[in-house]
Amino acid sequence: MILTKAQYDEIAQCLVSVPPTRQSLRKLKQRFPSQSQATLLSIFSQEYQKHIKRTHAKHHTSEAIENYYQRYLNGVGKNGAAPVLLELANEVDYAPSLMARIVLERFLQEHEETPPSKSVINSMLRDPSQIPDGVLANQVYQCTVNDCCYGPLVDCIKHAIGYEHEVLLRDLLLEKNLSFLDEDQLRAKGYDKTPDFILQVPVAVEGHIIHWIESKASFGDECSHHAYLHDQFWSYWNRW
């Protein structure tokens with residue numbers, strides 16, 4: 001189903017006042033029943049990421065970090081089992097996984113002799129059992145599993161969906177008996193930056209000659225189109 005610009009704008013405007021929760025996604029589906037769950041989730045995620053980028057700096061001042069950390073300590077001091085970090089993230093309108101990262105880094109700075117590396121932080125976020133404090137490990141886990149736009153679980157889901165769409169596209173090309181080279185074959189030939197598939201014999205689609213295909217398992221809004229054009233598509237167009 002083709003989504004018009006007006007329909008997209010209506011969905012995006014609806015998301016301005018919607019918190020990034022699974023409950024909000026259900027309400028969005030009720031509001032726009034003709035749109036698929038995958039489309040709404042992709043738009044939802046993209047709009048929320050734009051919001052996080054706009055407000056990122058204010059959450060990373062030294063004052064904000066110390067405020068969040070002290071509120072975390074006070075909260076778990078009263079009830080360590082309560083979702084203190086998750087509720088704090090929702091209160092200040094910040095992604096739960098990113099809030100968990102802020103507090104985890106601050107905790108490690110206080111309890112470790114050397115500043116934690118990015119790889120150590122990422123490893124602990126992927127596997128909270130590595131965190132040397134059980135209460136904080138549980139708090140980080142709660143943030144991770146309840147974040148539908150950021151965090152290691154979301155990254156795994158996005159990677160899996162992207163790979164699935166590439167496999168589906170490959171199967172479709174084979175079904176249509178189209179001759180192609182995939183990304184691995186192109187890299188073996190020495191190309192460093194390649195689309196997912198190069199058609200060895202171009203085809204015509206709706207009046208356009210198609211030489212290559214890049215699979216993107218996400219909604220293509222104007223912002224993402226502009227970014228992909230700059231980072232990938234123009235170089236593909238010039239080369240192939």
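Start with leucine 136: leaving aside residues up to four places away in sequence, it touches Tyr72, Leu85, Val103, Leu104, Phe107 and Ile131 (contact means heavy atoms within 4.5 Å). You're looking at a predicted model, where local features need pLDDT of at least 70, side-chain atom pairs count only at pLDDT 80 or more, and totals for chains, interfaces and linings use all residues. Residues are numbered from 1 along each chain as its sequence is written, and side-chain values use heavy atoms, with hydrogens and water left out.

Now zoom out to the largest nonpolar core. A nonpolar core is a set of buried Ala, Val, Leu, Ile, Met, Phe, Trp, Tyr and Cys residues joined through side-chain atoms within 4.5 Å. Buried here means under 20% relative accessible area, exposed over 50%, and partly exposed in between (1.4 Å probe, protein chains only). This core has 47 residues, and Leu85, Met99, Leu104 and Leu136 touch the most other members. At least two residues come from each of several helices, including H1 (5–14), H4 (62–78) and H8 (134–145); helices are DSSP runs (H or I, at least four residues), numbered from the N terminus. H6 gives the most, with eight residues. Apart from this core lies another, of five residues, among them Leu169, Leu173, Phe180 and Leu199.

What about disulfides? The count is zero, taking a disulfide as a pair of cysteine sulfur atoms within 2.5 Å. Cysteine 149 is in none, and its nearest cysteine sulfur, that of cysteine 148, is 4.2 Å away. Cysteine 149 is buried, at 2% relative accessibility. Cysteine 156 isn't in a disulfide either: the nearest cysteine sulfur, that of cysteine 149, is 16 Å away. Cysteine 156 is exposed, with a relative accessible area of 53%.
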